[in-house]
Amino acid sequence: MPTLILFFDGYCPLCVNEVQHLRRLDKRGALRFEDIQHPDFAKHWPQIDKAEASRILLGLDNGTLIKGLDVTHRAWSLVGRGWLTAPLRWPLLRGLADRLYLWFAANRYRVSGWLLPGAGCTDGRCQPPRRPEK
């Protein structure tokens, strides 16, 4: 049973890359990932506000809603790599890290285009991934 349900943007190549990396590291099954762009997202997760989840990363940690870099740090901690994200939660860095994260979240498609030129992101938008037919 997962400890953390992480709600991610499946249209964001950088976000998808991080999810794939976390999946590979999650040997204990502590994480569950839910794509907020999935057509059935609202049906399966009516308690999660998709607009808010588009603005800031959301997670359910043992049923408690957590946001932003708290989700990131919790996810990396659950896969044994919390030391990588711990500085982002230190009191002296937390405020700045949270502000930078909010900028990143608002510009994630543009940043994905800069960092992953082949990701299909132009003009601050990314192409939705192809979904397999059911």
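Mentor: Let's start with the overall build of this predicted model. A compact globule of 134 residues would have a radius of gyration near 14 Å, and the chain has 15 Å, so the two agree. Along the principal axes, its C-alpha atoms fill a box of roughly 40 × 35 × 25 Å. The secondary structure consists of seven helices and six strands, and 41% of the residues count as buried.

The largest pocket holds about 350 Å³ of space. It is lined by 22 residues, and the closest to its centre are C15, E18, L57, Y101 and F104. Strand 1, helix 1, helix 3 (50-55), helix 4 and helix 6 each give two or more residues to this lining. Helix 1 gives the most, with five residues. By type, the lining divides into 16 nonpolar residues, two polar and four charged.

The largest one has 30 residues, and L6, F7, L22, L31 and I48 have the most contacts inside it. Among the elements that give it two or more residues are strand 1 (4-8), helix 1 (13-25), helix 4 (69-78) and helix 6 (91-106). Apart from this core lies another, of five residues, including C12, C15, Y109 and C121.

Key. Residues numbered from 1 in each chain as written. Predicted model: local features only at pLDDT ≥ 70, side-chain atom pairs only at ≥ 80, totals over all residues. Heavy atoms only, no water. Core = buried A, V, L, I, M, F, W, Y, C linked by side-chain atoms within 4.5 Å. Buried < 20%, exposed > 50% of the residue type's maximum accessible area, 1.4 Å probe, protein only. Helix = DSSP H or I, 4+ residues; strand = E, 2+ residues; numbered from the N terminus. 1 Å grid on protein atoms, 1.4 Å probe; cavity = no way out; pocket = protein on both sides within 12 Å on 5 of 7 lines; lining within 4 Å. Points joined across faces, edges and corners; volume = space filled by probe spheres on them. Nonpolar A, V, L, I, M, F, W, Y, C, P; charged D, E, K, R; others polar. Rg over C-alpha atoms; globule rule 2.2 N^0.38 Å.
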